[in-house]
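Here is a short briefing to read with the model open beside you. Please keep the viewer at hand and follow along topic by topic.

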Amino acid sequence: MRFGKIAYLNLLPFDMFIKKYPTPAHFKKFLDLKKSYPAQLNQQFLKKYIDAGFISSFAGFESMQKHKATNAAIIAKGAVWSVIALPKAQKDDYQSASSNALAKILGINGEVLIGDRALRYKLSGKEYVDLGEKWWERHHLGFVFGRLCFNKYATFYTRLAQSFVTKPIKIPHYILQARAQQSHIAPQDIKAYLKHIHYRLGKKELLALRRFYALARLKGIKKPARF
């Protein structure tokens, strides 16, 4: 069971969850090895180098069509803090497919920045545009940035996802301190940031996903492909 993981703070609650969830020993061993950023994880998933992972929602279109996507996702209802556009010349972020597509759909020019780098920039007090907030203003729907999809082991990953989205997750203080040192983001800022993220994919989030896919198609934005 080869699971790929995004090495961002937005999945810190999942990190806590998976430590206690019953999985084969080789699952967790592989999990520690395969940490990456979304765009790279997309390619690993599409080429089936990994069996499952939280991949970019844009890359998860085919998985949704084939019923190989779970109800666990990375969602923001409004400002997300970690997907932003800087007031600079237009430039995609090599780490993300969904965020680059979202900026184009919204007609926002600037340098797209995602993840912990974006969160540090936001917290610095500099000027930026929050893409999650702009999507909410236009559609009054949360935006799904990533989704837990699978190539194999449907029953295992469906149950894992359901358990994750229904179980309250508490992050110990020592973990917050450790991640604060790694990310150079204060523990209180990490906690504040995570309040902007939720993980249960419901009917409204599915509607938002379908709208995102339709708008991307209308604008001719190509989805990540295997080759």
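Asn-10 lies in the loop between strand 1 and helix 1 (12–20), where helices (H or I, at least four residues) and strands (E, at least two) are DSSP runs numbered from the N terminus. This is a predicted model, in which local features need pLDDT of at least 70 and side-chain atom pairs count only at pLDDT 80 or more, while totals for chains, interfaces and linings use all residues. Residues are numbered from 1 along each chain as its sequence is written, and side-chain values use heavy atoms, with hydrogens and water left out.

**Asn-10 and its surroundings**

- Asn-10 is buried, at a relative accessible area of 9%; buried means under 20% relative accessible area, exposed over 50%, and partly exposed in between (1.4 Å probe, protein chains only).
- Not counting residues up to four places away in sequence, Asn-10 touches Ile-74, Tyr-193, Leu-194, Ile-197 and Tyr-199, a contact being heavy atoms within 4.5 Å.

**The chain as a whole**

- The protein chain has 11 helices and nine strands.
- Its radius of gyration is 17 Å, close to the 17 Å that the globule rule gives for 227 residues, so the chain is as compact as a globular protein of that length. The radius is taken over C-alpha atoms, and the rule is 2.2 Å times the number of residues to the power 0.38.
- Along the principal axes, the C-alpha atoms of the protein chain fill a box of roughly 45 × 40 × 30 Å.
- Of the 227 residues, 55% count as buried.
- Among contacts in the protein chain with a separation of 6 or more, 81% come from residues 24 or more positions apart.
- The accessible surface of the protein chain is about 11,200 Å², and 53% of it belongs to carbon and sulfur atoms. These areas come from the Shrake-Rupley method with a 1.4 Å probe; for residues, only the protein chains shown count as cover.
- The protein chain carries 40 positive and 14 negative side chains, and the centres of the two sets lie 8 Å apart. Lys and Arg count as positive and Asp and Glu as negative, with His and the chain ends not counted; each charge is placed at NZ of Lys, CZ of Arg, CG of Asp or CD of Glu.

- Strand 1 (residues 3–6) runs parallel to strand 3 and is joined to it by two bridges; two strands pair if DSSP finds at least two bridges between them. Here Phe-3 stands opposite Ala-52.
- Strand 3 also pairs with strand 8 (residues 143–150), in the antiparallel sense over five bridges. In strand 8, Phe-150 is the bridge partner of Ala-52.
- Strand 4 (residues 69–76) is mostly covered, with seven of its eight residues buried.
- Five bridges make up the antiparallel pairing of strand 4 with strand 8, and Ile-74 has Gly-146 as its bridge partner there.
- Strand 4 is also joined by two bridges to strand 9 (residues 198–200), running antiparallel, with Ala-72 opposite Arg-200.

- An open sheet of three strands has the order 6-5-7, with antiparallel pairing.
- Strand 6 and strand 7 (129–130) stand at the edges, each with a single partner strand, so one side of each is left without a neighbour in the sheet.
- Two bridges link strand 5 to strand 7 in the antiparallel sense, and Ile-84 stands opposite Asp-130 in strand 7.

- The buried residues of helix 6 (residues 115–123) are Gly-115, Asp-116, Ala-118, Leu-119, Tyr-121 and Lys-122.
- These buried residues pack against strand 5 (83–86), strand 6 (111–114), helix 9 (173–183) and helix 10 (187–194).
- Lys-134 belongs to helix 7 (residues 131–139) and counts as partly exposed at 30% relative accessibility.
- Leaving aside neighbours within four places in sequence, Lys-134 is in contact with Leu-106, Ile-108 and Val-129.
- The C-alpha atoms of Lys-134 and Leu-102 are separated by 9.8 Å, and the two residues are 32 residues apart along the chain.
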